[in-house]
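Hi,

Here is the structure, followed by notes on what turned up in it. Please read them side by side.

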Amino acid sequence: MEATQEKINDVTVITIPGDSLDANTAKEFKRDITDMLAKCSKVIFDLSRLQFVDSSGLGAILSCLRQLNAAGGDLKLCGMNKPVRVLFELVRMHRIFDIYNSKDEAVQAFAG
Amino acid sequence: MQILNADPDILISTPSRQVLSAFLEEFRRMVEPMTPLLRTTIAFASGRNSFLISKDRGCSCLHPTDEQMIQESEACTYYRAIHLIEITYQDNSIGTLSICYDRSKTSAPEIVQHLVETSIRIVALEKEEENLLEELGASWESLGAVYEITSDLRSIQNHTEALDRIMDKAISLEEGLQAALWIEQAGFLETTITRNTNLKASRNSSSGLLARAILQGRGLVINGRSRISAFDLTEPELSHAQRVIIAPIATKRSVIGALEIWQEYGEKDFDSRTMRLIEALALQLAMVIENERLYREYIQSDRLRQEIDIGSKIQQTLLLGNPPCNVSGISLASLTIPSQNIDGDFYDFIRHSDHCLDIVIGDVMGKGVPAALFGAATKSQFIRAAGHTISSSGNIRLPIPEEIVNLVHTDVVSQFMEFDSFVTVCYARFDTKLRRMDYVDCGHTRTVHFQRDKNSYRLLEGDNIPIGFARLEVYNQVSVEFSEGDIFLFYSDGITETKSRNDEMFGEERLAQLLCSSSRLSSSQILRKIQKELSAFSESETFADDLTCLVVKIPLKETQTQSSSEPSSRLVIQSDLKELERVREFARQVCTDLAPPEVSEDLIFQIKLALTEAVTNIIRHAYKERSGETIQIEAYAQDDSLVIQLSHNGESFDPTKVPPPAFDGSRDGGFGLFIIASIIGKVEYSCDEQGRNVITLIKKFQEEN
């Protein structure tokens, strides 16, 4: 399943496909997303379809943040479901990522 | 958080270089195991050099004396507070530590300060004990050794002795000196030690010469009777004094008392040289008293104990071994329930071959850090002794248990006697080919041997006394034979001495009967049963003593194994990450089936996550991503908990060796175990009767409070 992207001004919104990002699916996700991110700088991940993320999935998202930061870009997250949010808080990643309730809020944060 | 091993020798070149590098080494060693809890960035500066000691959250440009820089650094926005600690060694500044911490962890600076003080103290003691310290490596074991060496200097007895010695020195400076050591307690000055006077008093500490010296924090010298009388004296001991010196006893925090020296006859005035000597002695007194206080604080501080459970860290890293899984014909399980106190219980396993295994279990008399460290030291002596090979008549062979015990006894008996301590030990060797256990019992609790063919038990006991009682004791081994289905139970006296509300002890008999009645269960099930019975008996989940218990079961041939009577759900999956979907479906199913409906939703997610992490770990680390292997997952409800057991044939792994995750986002991996530990109350590693590794997750259906 391909991730879909949408351009809002200079911000790229990527919707993470599938309903789970675990050790099995994270590898594929990482491979696909790396090229996509290479062309962007301001990126939002829309996680609203994800019902489950494990530590491998989290690691994949972290590596996206680092890839973007290294190139001077930034990553914001939106649309987190409760189980995903719980995991982020458990490993304190809500303090590393900028997390917004909705896509619009995240886009606005980039504008401001 | 990670520790950067910058070498201070390269960076610093000052006269106190040796002290500095010793301090940094000590400080790192102490701060390292606590880094997961401290979550702070610590940097150090000395002169123009600065470097990072520990690092959290990708804070890369921290200059220890430049707060502005820290605040401006984008990478450091997680921190909102900075604390600086000046490091002094014998009154000379050797550098500055800066601690950058999350304001929500308010006690971080205090803990770091404590570690700094402890490190400096150890450095000072190390200098005296330099020759002994050659043996030290860089591990936790060596921290144990440091404490073992220094504990005598810090014990109460030696603390008083040290004060006595300093006071003796003070009055030996000149003829006819009288002296009193005053220590402030709850607003009053009290004589603690006196020389050449019967003075015994408690005084208000706000008036008089003593109060003056203490308030000003400076020593005073008065020569001549008339000058002394000119003061408004509240010190009757000075009514005939010709001259007096009062030196305040000051620690880094405050002035805690004074050393008063006076002379009633003689012509020679006290000069500045005498004053300096007395001040130096007062400083020594301050150090001894402060060391004592720090030491007490170190073991007593509840707050510290909550923040960093030193005792359980020592226990986990030094005292308790992990049962090996690959000894054929033996199924092992171990249980430890730590108490509120730190105990000296220890055990370990030494595997010699696939049919020969040694078990050592011991209990050091006493409590607290010293007992734990004695336990650790004794344990490592046993491991060392068991590794010695013996060559007799041209053959090289393993030492037999009695040789091992006698060797250790010779090595440690003097130290135990010196500290008025002793250790009870049972050292046992299981040989599954010979079907024999050889053991040496050094006053330990009696091992329960369940004999399946007789369906009864016996208590095994040797006739030796604990190690540390008598130098000339010779330890002898005893042999017992065993057969399939037999069980051996080793335990600490904490188990049998567990008391009920009516002050009745759990006792040997009850324990042995319990073993007989649960002889069909697997070794880990037996332990859970014992734990349950103990809780029920004492009507408490916590215990006064550490409870340690080891079960060695000689399993029956597979055809005869009894299946557990507990109803359980079971799933067998391939060692393929594609199976994770099924694992989560299984998690949903068991939670819906077994958990009370009102908690199932949150629980489902947590169990899904923990199981996904556990299975991923097994596939990646135990099976190294090999396909064609299987993992069995079983789940059942027990009391108020959901129990999930994952069995696999891959390599066992030691969870204590896994580094903590990087919460600063600098590494992708390493969260798995942390997640499991956070979600699951209790995780046990053991192996079953077929030699498979078993990971048991026990999750309470409902969280307490």
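Two strands pair if DSSP finds at least two bridges between them. Strands (E, at least two residues) and helices (H or I, at least four) are DSSP runs, numbered from the N terminus.

This is a predicted model: local features need pLDDT of at least 70, side-chain atom pairs count only at pLDDT 80 or more, and totals for chains, interfaces and linings use all residues. Residues are numbered from 1 along each chain as its sequence is written, chains are lettered from A and ligands numbered from 1 in the order written, and side-chain values use heavy atoms, without hydrogens or water.

Strands first. E18 (residues 436–442) of chain B joins E21 (residues 478–481) of chain B through 4 bridges, antiparallel. B:Arg436 sits opposite B:Glu481 in E21(B). E18(B) also pairs with E17 (residues 423–431) of chain B, antiparallel, over 6 bridges. There, B:Ala428 faces B:Tyr439 of E18(B). The hairpin of E17(B) and E18(B) has 4 residues between the strands, and B:Arg435 takes a positive phi near 55°.

Now the helices. The axes of H16 (residues 507–517) and H17 (residues 523–538), both of chain B, come within 10 Å and cross at roughly 140°. Residues in contact (heavy atoms within 4.5 Å) include B:Leu511 of H16(B) and B:Ile530 of H17(B).

Best wishes

Note on methods: Axes fitted to C-alpha atoms, helices over the stretch in contact; angles between N-to-C directions.
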